[in-house]
Amino acid sequence: MEEKIEIIENWNGEPTKVLRSKGNKLAVIDYMDNLIIPSKSIWPHFDILKKIYESNHEKDFDNSEIKRELGFYCDLQSLRSEDAITWSVFGTLNYFSKEKKIKFIRSLFKHLNLEYEVSDCLISLWTKILHPDTKKLGGPELDFLIISDNIVLLGESKWRSKISEKQGKNKDKDQIRLRLDFKKEHAEKIFKGKDCCVFLIVKDELTVDKFREIYKTEIYDNDKKNKKKCLVIRSWETICRELEHPLRDEIIRYYEWKKRNG
């Protein structure tokens, strides 16, 4: 039986058309309704173009209306999408001034207890890096990448999905350890001496505690004289609520909306 289109309110109280999958998961008809898009923006941003393609989950919907806008179903339409919140928090920064981006990054570093000065930064989403085992193409996709004066953050975003396992040349690593291997083996040479840290963002504080236990031996390096952080883990709630983002109020509402519906 074909599912009917429903109307829900988005994070700004505006009516938004959604459909439910066979598994009762909500998705918007128009992928743009699932993203924060700063006003007067040139759209789409080139990072968003990396994520506009037909999803393997299209078969989960009975109603062809789910394909109305693009001609196919895209994962950015799902309210469970971690890419949607990654864009809304980090991608939107590229539409703001250098000063506002730096203000956000400084508040992020303070929150992560990373003592680095910031006078400039680059932010990119869904950047492919070399495979740390083979040094060839086919390496991890970084959900977000922040390059500042003195440190690089290799970002991995999670919402409801699990950490992928059986990765690496011998299928004996997970997503996080593969990124840590890149940091250890290649980052210093590629980023010319900058420090590097893997940054994992998960859904809530309970999940933060769980992953801190799993990766407790990887959080710091093994140099006792110059102990540095290799891995930091935070929740989306703290990132959305506590940092000095130029769209902070909207992002807080967006997070609450996503938590209720995703």
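What you are looking at is a predicted model, where local features need pLDDT of at least 70, side-chain atom pairs count only at pLDDT 80 or more, and totals for chains, interfaces and linings use all residues. Residues are numbered from 1 along each chain as its sequence is written, and side-chain values use heavy atoms, with hydrogens and water left out.

**The largest pocket**

- Start with the largest pocket, which holds about 900 Å³ of space.
- Of its 37 lining residues, His-57, Asp-75, Glu-82, Asp-83 and Ser-161 come closest to the centre.
- Two or more lining residues come from each of α2 (82-89), β5 (141-148) and α4 (175-190).
- Helix α4 gives the largest share of this lining, with three residues.
- Sorted by class, the lining has 17 charged, 14 polar and six nonpolar residues.
- A word on pockets and cavities: on a 1 Å grid over the protein atoms alone, a pocket is an open set of points with protein on both sides within 12 Å along at least five of seven lines, a cavity is a set where a 1.4 Å probe fits but cannot get out, and lining residues have an atom within 4 Å of a point.
- For volumes, grid points are joined across faces, edges and corners, and the volume is the space filled by probe spheres set on the points.
- Helices (H or I, at least four residues) and strands (E, at least two) are DSSP runs, numbered from the N terminus.
- As for the classes, Ala, Val, Leu, Ile, Met, Phe, Trp, Tyr, Cys and Pro count as nonpolar, Asp, Glu, Lys and Arg as charged, and the others, Gly among them, as polar.

**The second largest pocket**

- Next comes the second largest pocket, with a volume of about 740 Å³.
- It is lined by 30 residues, and Lys-183, Lys-184, Cys-196, Asp-221 and Cys-230 are the closest to its centre.
- The elements giving two or more residues to this lining are α4 and β7 (195-202).
- Helix α4 has the largest share here too, with ten residues.
- The lining splits into 16 charged, nine nonpolar and five polar residues.

**The cavity**

- There is one cavity of 30 Å³ or more in the structure.
- The largest cavity holds about 30 Å³ of space.
- Six nonpolar residues, one polar and one charged make up the lining.

**Aromatic rings**

- The structure has 13 aromatic pairs, where rings of Phe, Tyr and Trp (its six-membered ring) pair if their centres lie within 6.5 Å, and planes under 30 degrees apart count as stacked, over 60 as edge-to-face and the rest as tilted.
- Take Trp-43 and Trp-87: their ring centres are 5.5 Å apart and their planes stand at 75 degrees, so this pair is edge-to-face.
- That pair links distant parts of the chain, 44 residues apart, with Trp-43 in the loop between β3 (26-28) and α1 (46-49) and Trp-87 in helix α2.
- Trp-87 is buried, at a relative accessible area of 0%; buried means under 20%, exposed over 50%, and partly exposed in between (1.4 Å probe, protein chains only).
- Phe-109 and Tyr-116 are edge-to-face as well, because their ring centres are 6.4 Å apart and their planes are at 70 degrees.
- Phe-109 is buried, with a relative accessible area of 1%, while Tyr-116 is partly exposed at 23%.
- Phe-90, Phe-104, Phe-144, Phe-199 and Trp-236 form one aromatic cluster.

**Charges over Trp-159**

- The charged end of Lys-203 sits over the ring of Trp-159, 5.4 Å from its centre.
- Lys-258 also lies over the face of Trp-159, at 5.1 Å from the ring centre.
- To count, NZ of Lys or CZ of Arg must be within 6 Å of the ring centre and within 35 degrees of the ring normal.

**Strand β8**

- Strand β8 covers residues 231-235, and five of its five residues are buried.
- Leu-231, Ile-233 and Ser-235 are buried on one side, and Val-232 and Arg-234 are buried on the other.
- β8 pairs with β7 in the parallel sense over five bridges; two strands pair if DSSP finds at least two bridges between them.
- Leu-200 stands opposite Ile-233 in β8.
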